[in-house]
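Colleague: I have not looked at this one before. Can you put it up and take me through some of the side-chain contacts?

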Amino acid sequence: MANRAEHCGGDTNSEPSLRPLTPNVGVEISGIDLARLYGDELVFIMNALNTHGALLFRNQRLSDENLVAFSRNFGDLDGAPVNENGKTAVPGLPELYVISNIEGSDGKPVGSLGSGEAAWHTDMSYLENPPDASVLYALEVPAVGGDTWVASMYAALDHMPANLRKRIEGRAIKHDGTYNSGGYVRQGLVANDDPLTSTGALHSAICAHPRTGRPVLYLGRRRNAYVEGLSLEESDALLDEMWAHATRPEFCYAHKWRVGDLLMWDNRATLHRRDEFDATERRLMHRTQIRGESAPRAL
Ligand code: OGA
Ligand code: MN
């Protein structure tokens with residue numbers, strides 16, 4: 001990969017710049033064409049992801065190959081799962097996920113998550129090594145709705161009341177693997193709403209972030225979650241308090257999409273959710289996921 005400074009000959013007008021989107025999470029990066037990335041720009045982007053948890057790039061024009069190539073700079077990519085409609089990835093691009101309500105010629109959506117709300121979650125926290133980051137690129141967006149929200153779990157932990165923190169410290173949470181974030185049963189599984197017996201992984205609630213080492217809250221998703229060692233009633237009560245705190249508006253950024261936007265989130269430092277939108281409108285997002293190299297590490 002070339003060095004941008006050499007390539008641009010010191011053109012200061014197009015230097016990358018940062019604009020925080022909220023005090024606690026998210027930054028817009030301008031002055032970078034993600035289809036032609038230089039080595040020093042990549043370092044800039046990685047540092048921004050570590051600091052701000054979510055990155056917004058506007059006015060991009062990326063082919064599917066560009067999106068995959070950009071994402072590979074951050075690590076190996078996960079293959080797209082078979083989605084709730086039994087469909088796999090785009091032929092020839094197994095790393096590309098489609099998030100969409102648009103129906104194909106078979107009458108089924110070409111992608112995941114439909115047009116309903118996607119509840120707060122981190123991606124695939126039911127895996128032993130959950131993904132490191134996700135990249136979502138907008139190709140078609142509805143006029144209103146379908147906003148994607150991101151919440152900082154650094155901020156949630158930093159501002160957690162001491163008595164609440166004490167109750168979760170040293171505990172592990174079971175992360176359910178039955179349902180995806182749209183509430184659909186994952187391929188090959190059967191519905192199970194008992195947190196004690198549903199499939200999933202156990203992760204420490206408070207972790208050292210795998211890249212930054214910073215203490216971070218790791219909640220995953222609320223549905224079928226369970227705090228190990230508590231009765232189900234105690235666990236539900238504690239989790240409800242945790243979630244109400246972690247998703248307080250001051251920890252969040254809500255993104256209104258335009259075509260050509262790319263949003264990348266640190267999947268180990270943030271939660272995200274999506275607003276519903278009118279089912280008769282079209283929303284088409286292409287997406288990649290950077291593989292996690294380690295299990296969440298207890299703090
Ligand atoms: C995702 C996701 C929300 C959205 O891609 O992991 O949760 O806005 N998407 O489509
Ligand atoms: Mn998601």
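Predicted model: local features only at pLDDT ≥ 70, side-chain atom pairs only at ≥ 80, totals over all residues.

Colleague: Rings, then. How many aromatic pairs does a search of the whole structure find?

Modeller: The search finds two aromatic pairs. In one of them, the ring centres of Phe57 and Phe70 are 6.3 Å apart and the planes are at 75°, so this pair is edge-to-face.

Colleague: Which parts does that pair tie together?

Modeller: Phe57 belongs to strand E3, residues 54-57, and Phe70 to helix H3, residues 64-72, so the pair ties together parts 13 residues apart in sequence.

Colleague: Are Phe57 and Phe70 buried or exposed?

Modeller: Both Phe57 and Phe70 are buried.

Colleague: And how are the rings of Phe70 and Phe74 placed?

Modeller: Their centres are 5.2 Å apart with the planes at 70°, so Phe70 and Phe74 are edge-to-face. Both of these residues are buried. Through the ring pairs, Phe57, Phe70 and Phe74 are linked into a cluster.

Colleague: Changing topic to charges. Which ring does the charged end of Arg214 sit over?

Modeller: The ring of Tyr154, with the charged end of Arg214 3.9 Å from the ring centre. There is also Arg223, which lies over the face of Tyr179 at 3.5 Å from the ring centre.

Colleague: Now cysteines. How many disulfides does the search find?

Modeller: Zero, over the whole structure.

Colleague: Buried or exposed, Cys207? And Cys252?

Modeller: Cys207 is buried, at a relative accessible area of 3%. Cys252 also counts as buried, with 9% relative accessibility.

Colleague: Last topic, the open sheet. What is the order of its three strands?

Modeller: The order is E12-E11-E18, and the pairing is antiparallel.

Colleague: Which strands stand at the edges?

Modeller: E12, residues 215-217, and E18, residues 297-298, stand at the edges. Each has a single partner strand, so one side of each has no neighbour in the sheet.

Colleague: How many bridges join E11 and E18?

Modeller: Strand E11, residues 206-208, pairs with E18 over two bridges, in the antiparallel sense. Ala208 has Arg297 in E18 as its bridge partner.

Note on methods
Residues numbered from 1 in each chain as written. Chains lettered and ligands numbered in written order. Heavy atoms only, no water. Phe/Tyr/Trp six-rings, centres within 6.5 Å; stacked < 30°, edge-to-face > 60°. Helix = DSSP H or I, 4+ residues; strand = E, 2+ residues; numbered from the N terminus. Buried < 20%, exposed > 50% of the residue type's maximum accessible area, 1.4 Å probe, protein only. Lys NZ or Arg CZ within 6 Å of the ring centre and 35° of its normal. Disulfide = S-S within 2.5 Å. Pairing = 2+ DSSP bridges.
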